[in-house]
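Take a first walk through this fold. Start with one pair of residues, then widen the view.

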Amino acid sequence: MVTDGAVTARVLVAADKFKGSLTAVQVAERVTAGLRRVVPDVRVETLPVADGGDGTVAAAVAAGFERREVRVTGPLGDPVTAAYAVRGTTAVVEMAEASGLQHLPDGVFAPLTATTYGSGELLLAAVDAGARTIVFGVGGSATTDGGAGMLAALGARFLDADGKPVGPGGGGLAELAEADLSGLDPRFTGIDLVLASDVDNPLTGPKGAPEVYGRQKGATEADIATLDAALAHYASLLGPSEASLPGAGAAGGIGYGALVALGARFRPGIEVMLDVLGFAPALDRATFVITGEGSLDAQTLHGKAPAGVAAAARAAGLPVVAVCGRLALAPEALEGAGIRRAYALLDLEPDPAVCMAEAGPLLERAAESIARDFLV
């Protein structure tokens, strides 16, 4: 029982990042510091987690993977430095490292022309490093090109009616006349490519990539219509049936490219990452679990990291609490997700700007409250 105090309590801190404030590693460090301020000898194991989006490589590195860096093509065509993680013959590749919104200058978007070419280069780097299994985390993209850029980097050719390569990005696919996949790197036929995502949208339509995610990448209503039509045309040449598969619309449709041309298999990102990070054995060692992310809201319940952690912990019969910056779930929703209580930083500091700036110290205070409420 947790209530036996520090003698028997073994706390597992398995939280995602607080986006814009703290990395998942920093969240774990701050929670640990707060717990130990109240119960100095409490046993704490930290396992920063991610759901396939940005922060996935960092979580893998924290779990013992080796971080490697490579220069690749950014979403605007300029060189960027991107990282991936490798351990043995398993690699963790995060598309946002190469093609993410973080590579765009402030206020600059390129919804029609941003390319995933660098994500293909990042996959190639992982294969060159000897990876036989690649966990491909997709999310946080600046792109809506259906993975065409990624496939071009791997040897595919996308040509217009004159036999010339179409322009970069989803907009260029409107001119697509021929999709030639014969030049794809043959090594990918022997790679187990796992598409890890927290979204299961199709490629096009009312729930497709342009309509649901285009606006956050700077797309106007006209751009969204253009992109949706261009991606539908692209899919008509590569494989219409795969366009409706879960995950096809992930990260601007890069999921579709991986599914239709690289033989990828889709799995919810948090499930994949918990497997890769060694969550099950860590859970076996724990008696109490703390999870969390920046905002606990309705999206949390649909495949985000805290929901995955809580579900696994509940199945193991362990109590779970959560930390967050903002709490937008009712107590019954938390309970339904397997979370006993949530500790929100905005309850300690109601000014959002101050709360984000002081997230670290506030999180330590929240952890002190958890220790007093559950560990003593």
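Val 135 has Val 194 in β9 as its bridge partner. Strands here are DSSP runs of E, at least two residues long, and helices are runs of H or I of at least four, numbered from the N terminus. This is a predicted model: local features need pLDDT of at least 70, side-chain atom pairs count only at pLDDT 80 or more, and totals for chains, interfaces and linings use all residues. Residues are numbered from 1 along each chain as its sequence is written, and side-chain values use heavy atoms, with hydrogens and water left out.

Five bridges link β6 (residues 133-137) and β9 (residues 192-197), and the two run parallel. Strands pair if DSSP finds at least two bridges between them.

Helix α9 (residues 250-261) lies across β6, β9 and β10, at about 155° to β9. Such angles run from 0 to 180 degrees between N-to-C directions, with axes fitted to C-alpha atoms, for helices over the stretch in contact. Contact means heavy atoms within 4.5 Å.

Now the whole sheet. It is open, with six strands in the order β3-β4-β5-β6-β9-β10 and mixed pairing. β3 (66-73) and β10 (265-268) each have a single partner strand, so one side of each lacks a neighbour in the sheet. From one strand to the next, the twist averages 30°.

Is Val 289 buried or exposed? Val 289 is buried, with a relative accessible area of 0%. Buried means under 20%, exposed over 50%, partly exposed in between (1.4 Å probe, protein chains only). Beyond its neighbours within four places in sequence, Val 289 contacts residues including Leu 12, Leu 283 and Val 309.
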